[in-house]
Amino acid sequence: MFRMARTALVWLGLAFGWTVFRSAGVDPSDWNVTVLALSLLAVPLLLRPRAPGLEAWLRLPLLLLLGWVLLQLIPAPMALVRLVSPARAALAAPFAPGTWIPLSTVPAQTLIEWVRVAGCALMFL
């Protein structure tokens with residue numbers, strides 16, 4: 001069990017090291033590689049028979065954060081968007097009056113950031 005954890009820790013360190021040494025962690029595409037490596041390393045560790053779990057009082061804020069970012073991607077009626085984010089509604093009103101829009105102004109970038117945040121959340125699981 002400890003051997004698998006040590007091996008995963010070494011590979012995780014290599015993934016983070018590659019990102020930092022390649023471009024000092026500035027290029028977002030390098031972080032995507034790190035998040036992919038983290039996700040692949042998390043699968044066998046989470047499937048262990050005696051994987052330690054996250055305490056309940058820490059799990060809830062983590063899930064709420066992931067849910068909040070995903071909530072911004074779900075299209076909502078303009079009236080609800082106006083209630084939650086008047087600036088977003090004012091920005092979209094000339095282009096999409098009366099339609100459903102997401103809270104995010106750039107949904108594709110929000111999804112990319114959600115994947116990054118979810119990868120970081122795996123560190124705590």
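## The chain and two of its residues

Of the 125 residues in the chain, 26% are buried, meaning under 20% relative accessible area with a 1.4 Å probe and protein chains only, while exposed means over 50% and partly exposed lies in between. The model is predicted, with local features needing pLDDT of at least 70 and side-chain atom pairs pLDDT 80 or more, whereas totals for chains, interfaces and linings use all residues. Residues are numbered from 1 along each chain as its sequence is written, and side-chain values use heavy atoms, without hydrogens and water.

The chain holds six helices and two strands, in the order α-α-α-β-α-α-β-α from the N terminus. These are DSSP runs numbered from the N terminus: helices are H or I with at least four residues, strands E with at least two.

Among contacts (heavy atoms within 4.5 Å) between residues at least 6 apart in sequence, 58% join residues at least 24 apart. The chain exposes about 8700 Å², and carbon and sulfur atoms supply 76% of that area, by the Shrake-Rupley method with a 1.4 Å probe, where for residues only the protein chains shown count as cover.

Here are two residues side by side.

| Residue | Relative accessible area | State |
|---|---|---|
| Trp-11 | 52% | exposed |
| Thr-110 | 12% | buried |

Trp-11 sits in helix α1 (residues 2-23). Thr-110 belongs to helix α6 (residues 107-122). Leaving aside residues up to four places away in sequence, Thr-110 touches Val-69, Gln-72, Leu-73 and Ser-104.
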